[in-house]
Amino acid sequence: MKSLLTLFCTCFWAFAGIFAQNRPVLYPEPTSIQYGQGELLLQNLSLYIAPTAPKDLVFALDELKQTIRERSGKALKMTHAANTANIRFTVKTLGRELPETNEAQAGSTREQYSISVNANGVEIIAQTSTGLYYAVQTIRQLIEGSGAKAALPFVTIQDQPQLAFRGVMMDFAHGGLLTVEEIKKQIDFLARWKTNQYYFYNEVSIELDGYATLNYKASYTQDQIKSIIAYARERHIDVIPFVNFYGHLHELIRNEKYASLAIGRYGHELDPRNAGVQTLLKNWIKQYTALFKSPFIHVGFDETWETKRLNSTGEMSLNPEALFIQQLTFVSDELKQYGKTLMAWTDMNSFYPEIMKKFPTEVIPVIWQYSPDSVATYHYLNPVLKEKKPFFIQPAVSGWGHIYPEADYTYDNIDLCLRAGLRHKTLGFITSVWTDSVEPFVRSSWMFMAYGCISAWQGKSPDKKAFARHYASVMYPNAGKEMGDAFDNIATSVEYLKKCLGKNTQSMPRGTLVEAWSNPFSAYYLANTEAHAAEFREVRKYSEEAQANLIAALKKASKSDSAFISSLLVSARLINYSATRFIWAKAIVDRWNYAMLVKKKEDYVIYDLTYPCHSLLVDAMDETGELKQIYAQTWLSEYMPYRLNSILGRFDVEYSLWRKLHLKVVDFQIQRKKEEPVKSFTELFSPDF
């Protein structure tokens, strides 16, 4: 009897384990989840929406209807009375669709929700329409199967966020400008992970009345911004203005009309002592506060290094710390009149450790730290903790210096900032996306943005080793394996590329992009390629595998995902080319030098280098030309035309390198005098741009 009982228990738990393993991945993970035995077919569900239901409730329920149609292939049945529907919902408080300034106070329930699925139907209870909307996002991931077999498992869920404010900061100043359509796609995407803040970082990329010539046709109209704000509000995301009111304003003060407002000439920072600065900022603040209805505003105030440099070099007699506080106090006082809660970065405490004591009381410090370095994080955090100030913490997707973000580095940075933030009761968490080097597509950062938002809701980071595959299964249910493989392979290719390039980053730490366009025939890079030949080959191997994965995914994925997958495919090709150009340069030099200097015989080397159908120089020209074309197409699917030509110029210069060499080698063959000694490839042809 005992052995039979043991056998029964063993079989039961084995079955339960298999059953649990088949459960869908839920991102973010709910606070509490308990599965039952059984399922509820989607085709048996029905819903009632009262004609007088508020718009925010109807919006969430319409998304539920759309999800059920997509998964079951049939429209959700609509009933004429609440008591005849088996999807039941309760929303306790009307309104309150967006985060409030007191959101982080203990006991806030605005975003809470619960879900119960059993044989009687689906019941959702939420404090507000925000909770109802988030319940719909969870149901979206709970559904198993498709068509007539699509079903919800019996389950009971209780959920609420661990952090009140969970945002993404998008850079609309340094790189290309995303189209409004692309911004809205981002907002849809971020809403899936229960993000509630979208920080619109800009310097002069929003049109303001009275500044018609400032970035003309390279900025967003106020009507476009209003449409973005309204779109985000429907999805319970607050669009927060993030505009630098001190530094990072080169695009303003490079204009002669505004040059006198700068602390230096055509530099980056405003001069707080200049009355004209106050006049300008009062006007800007009035316009920004009228445009953005959020109770928050982030004013930057980071990297005000020019003032420090001018003082330290003796060019001017300045007190950078006093000027910083003067400017911050002025901006704070001005925004206070409009009822705004002001946020500002704190990196100046690196130079002036006591500056936090002088921060205006109402300013919320924001600690930014973009490396997985605990010492660096606490270097900025400790002064804030010492003054017992409430704060936000802000990691970043490490993608501004690479074609594709540095995966492990990004995960570790987010993990460290989350742990430090939770330990010291941060108000909120902001995942940054920067576009300093212009070239990378922002779409490559989406998965990492999701990682940050998911982590902030559930109060812990997902397992980073499994995240890409689980994320792929959620985002691309028809091509989850292919996309998971692609994410892994492209990340590995970047890790190998880092071993080859990255010493010259042009002030972009850990970046490979600057060197990726360097002259591969220079003595330094030929030696570097020889030293890293194995790693360069691994870059090509893994990026080629990623391309194969993405091509396979395109055949399976939905039409709506094809543009996104195609963007990743272009990124994988660019990574591959970054390695290929160095390998090809070394192969060309070695092939020539061996034939002409060692064997002292042409030995088909010119054929290998210049044959018009397929040869090393022609390969490089072909790939450069194709990349330029597909890069431009992909750019315009994501960005406005602004700055595209600056990037395409890189491809033009690159093509000319290979084309000039092709002509030089051909001319050598035509004009060669046999009695003349042959020199090495680099001596003879001087390969350069």
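Lys388 is exposed, with a relative accessible area of 75%. The cut-off for exposed is over 50%, so a value of 75% qualifies. The model is predicted. Lys388 sits in the loop that runs between helix H10 (374–386) and strand E14 (392–394). Its backbone is worth a look. Phi of Lys388 is near 55 degrees, a positive value in a residue that is not glycine.

Phe301 also has a positive phi without being glycine; here the angle is near 70 degrees. Is Phe301 buried or exposed? Phe301 has 0% relative accessibility, so it counts as buried. The cut-off for buried is under 20%. Phe301 belongs to the loop between strand E11 (296–298) and helix H8 (305–312).

Tyr27 and Pro28 are joined by a cis peptide bond, with omega about -5 degrees. Pro28 is placed in the loop between helix H1 (2–21) and strand E1 (32–41).

Helix H17 covers residues 533–556, 24 residues in total. From first C-alpha to last, H17 reaches 35 Å. That is close to the 34 Å expected at 1.5 Å a residue.

Which residues of H17 are buried? They are Phe536, Val539, Arg540, Ser543, Ala546, Gln547, Asn549, Leu550 and Ala553. An α-helix has 3.6 residues a turn, so residues three or four places apart point the same way. What covers the buried residues of H17? The cover includes helix H14 (480–500), helix H16 (523–531) and helix H18 (559–598).

Technical notes:
Residues are numbered from 1 along each chain as its sequence is written. This is a predicted model: local features need pLDDT of at least 70, side-chain atom pairs count only at pLDDT 80 or more; totals for chains, interfaces and linings use all residues. Side-chain values use heavy atoms; hydrogens and water are left out. Helices (H or I, at least four residues) and strands (E, at least two) are DSSP runs, numbered from the N terminus. The expected span of a helix is 1.5 Å times one less than its number of residues. Buried means under 20% relative accessible area, exposed over 50%, partly exposed in between (1.4 Å probe, protein chains only). Contact means heavy atoms within 4.5 Å.
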